[in-house]
Amino acid sequence: MSSARPRIRCSASAGQRARLALTGPAALLAAALTACSGGGGSGSAEVGGDAKAPDTRITVNLRGEAAAPGEPVKVELAHGKLKSVSVKPGEGDPLAGRISADGRTWTSERVAAPGTAYTVEATDADGGSDRATFATAEAEKVNKLSLAPGKNTTVGIAQPLSVVFDHPVKNKAAVEKALKVSTSNDTEGSWGWLQDYSGKDRVDWRPKEYWKPGTKVTLDARLNGVDTGADGGWFVRDYATAFTIGAAQVVKVDLDGHRLALHRDGKQVMDLPMSAGTPGGEKASWRGTAVLMSKEGTINMRSETVGLGDAYDKMVDYSMRLTWSGMYAHAAPWNARYFGRANQSSGCLGMSDADAAALYGQVRVGDPFEMTGAEAKGTVAEGNGYGAWNLSWTDWQAKSALN
């Protein structure tokens, strides 16, 4: 009894079909064979007569050396049922996929990535098998991103997941679908799209409420093969990060009372006199919730970089960044006569050297600074650092491309 291997064909998504090279005895499909029946009503050929080989042709929707990326790979069997399908890129893991209920079609869960060679191997229920290859066209433009917070870090309870893109993102829904957030305690949260202070497209994931201490968070950004749209280009790799939430710390800033207090686990552990921004103009401080973005130590602060002319040019110790626009908490010994009495800075929260050092040693990136008071120039915008906490939960959810 002779058997034939299936013929595998590839066809373009536009409908063009081209026969792939066959291996092994597949060419015997065209020959007259002598067959015997295994029973079950399939019939049998007479000895010496012609037997019709089973039709096990398979088509693949992508073909050639420059197939269009961004589409799922589809493998279809002309007759019978598929048993297994493997679609492997030159590097990396095979594409996961599913066989349809009727056994005729296999479809990958993810799309084919740009500039990638794939090998397709398929078997049917009758034991036939073959292989085929195709490659996708290179991306004309590649989009990349930066992630915050950093991998394997411990951050404060207000830290969002923040993704900033190198190029514009028009296909926001497609990108958002590829961003998978997992938490150790099923924290409720949502993505929200905004414009970063740099002018770039950005999407943040924040929980409905501050994180619970000890929560473990992972981001699996399955972006390889996603087209970000006109002027944005393609992603050609995946991204991932993971971080842990630290102690429940909140810094409460009373702008009108000129004091700053650190609370941990609901208890006040530090109360410091300070001087915030001079009210009545651009030197005033922001109100609302800002998130500690970085602890930068000693840095050079120059007023011209924040649009305040030549007002100052100083080396500043214990610098803790709160916004992209230049608001910090830091040591300001030159303003000592105003601590606890008046707001007379150029927008930052100034303290004595000793108090700034003490606060610097206790706070963690991701801790919220909740700033209240009338002596402010407005509320921290969501893209000016991490100002998403100044939006209601309903308004934040509305910024998702999937809502």
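Where does UniProt place the feature "active site"? In this predicted model, the unreviewed UniProt entry puts that feature at His330 and Cys348. The two residues are spread over 19 residues of sequence, yet they cluster in space, with a largest C-alpha distance of 7.5 Å.

Take His330 to begin with. This residue sits in strand β24, and its relative accessibility is 5%, so it counts as buried. Leaving out residues up to four places away in sequence, His330 touches a run of partners that includes Val316, Asp317, Tyr318, Ser319 and Met320. Among its other contacts are Met301, Leu349, Gly350, Met351 and Ala356, and also Cys348 itself. Cys348, for its part, is found in the loop between β24 and β25. With a relative accessible area of 7%, Cys348 is buried as well, because buried means under 20%. Setting aside neighbours within four places in sequence, Cys348 is in contact with Ser275, Ala276, Gly277 and Ser285, along with Gly326, Met327, Tyr328 and His330.

On to the sheet. Six strands form an open sheet in the order β20-β19-β18-β26-β21-β27, and the pairing is mixed. At the edges stand β20 (267–273) and β27 (376–379); each has a single partner strand, so one side of each is left without a neighbour in the sheet. From one strand to the next, the twist averages 25 degrees. Strands of a sheet pair through backbone hydrogen bonds, in either a parallel or an antiparallel sense. For β18 (residues 249–254) and β19 (residues 259–264) the sense is antiparallel, over six bridges. Val250, for example, has His263 in β19 as its bridge partner. Helix α2 (residues 353–362) lies across β18, β19 and β20, and runs at about 150 degrees to β20.

Now for the packing. The largest nonpolar core has 27 residues, of which Val253, Leu260, Met320, Leu349, Met351, Leu359 and Phe369 touch the most other members. Two or more residues each come from β18, β19, β20, β21 (285–291), β24 (328–331), β25 (349–351), α2 and β26 (368–372). The largest share, three residues, is that of α2. Another core, of 26 residues, lies apart from this one, and Leu161, Val163, Trp191 and Phe235 are among its members. In soluble globular proteins, nonpolar side chains tend to be buried together.

Not counting residues up to four places away in sequence, Met320 touches Leu292, Ser294, Met327, Tyr328 and Ala329, plus His330, Met351, Ala356, Leu359, Tyr360 and Val363.

Tyr318, which is among the contacts of His330, has a positive phi near 55 degrees despite being a residue other than glycine. Tyr318 lies in strand β23 (residues 313–321) and, at 31% relative accessibility, counts as partly exposed. Asp231 is not a glycine either, and its phi is positive too, at about 70 degrees. This aspartate is found in the loop between β16 (216–221) and β17 (239–245), and its relative accessibility of 53% makes Asp231 exposed. Finally, the peptide bond from Ala148 to Pro149 is cis, with omega near 0 degrees. Pro149 lies in the loop between β10 (145–148) and β11 (153–155).

How values were computed. Residues are numbered from 1 along each chain as its sequence is written. This is a predicted model: local features need pLDDT of at least 70, side-chain atom pairs count only at pLDDT 80 or more; totals for chains, interfaces and linings use all residues. Side-chain values use heavy atoms; hydrogens and water are left out. Helices (H or I, at least four residues) and strands (E, at least two) are DSSP runs, numbered from the N terminus. Buried means under 20% relative accessible area, exposed over 50%, partly exposed in between (1.4 Å probe, protein chains only). Two strands pair if DSSP finds at least two bridges between them. Axes are lines fitted to C-alpha atoms, for helices over the stretch in contact, and angles run from 0 to 180 degrees between N-to-C directions. Contact means heavy atoms within 4.5 Å. A nonpolar core is a set of buried Ala, Val, Leu, Ile, Met, Phe, Trp, Tyr and Cys residues joined through side-chain atoms within 4.5 Å. UniProt positions are given in the numbering used here, feature names are shortened, and annotations may be inferred rather than shown by experiment.
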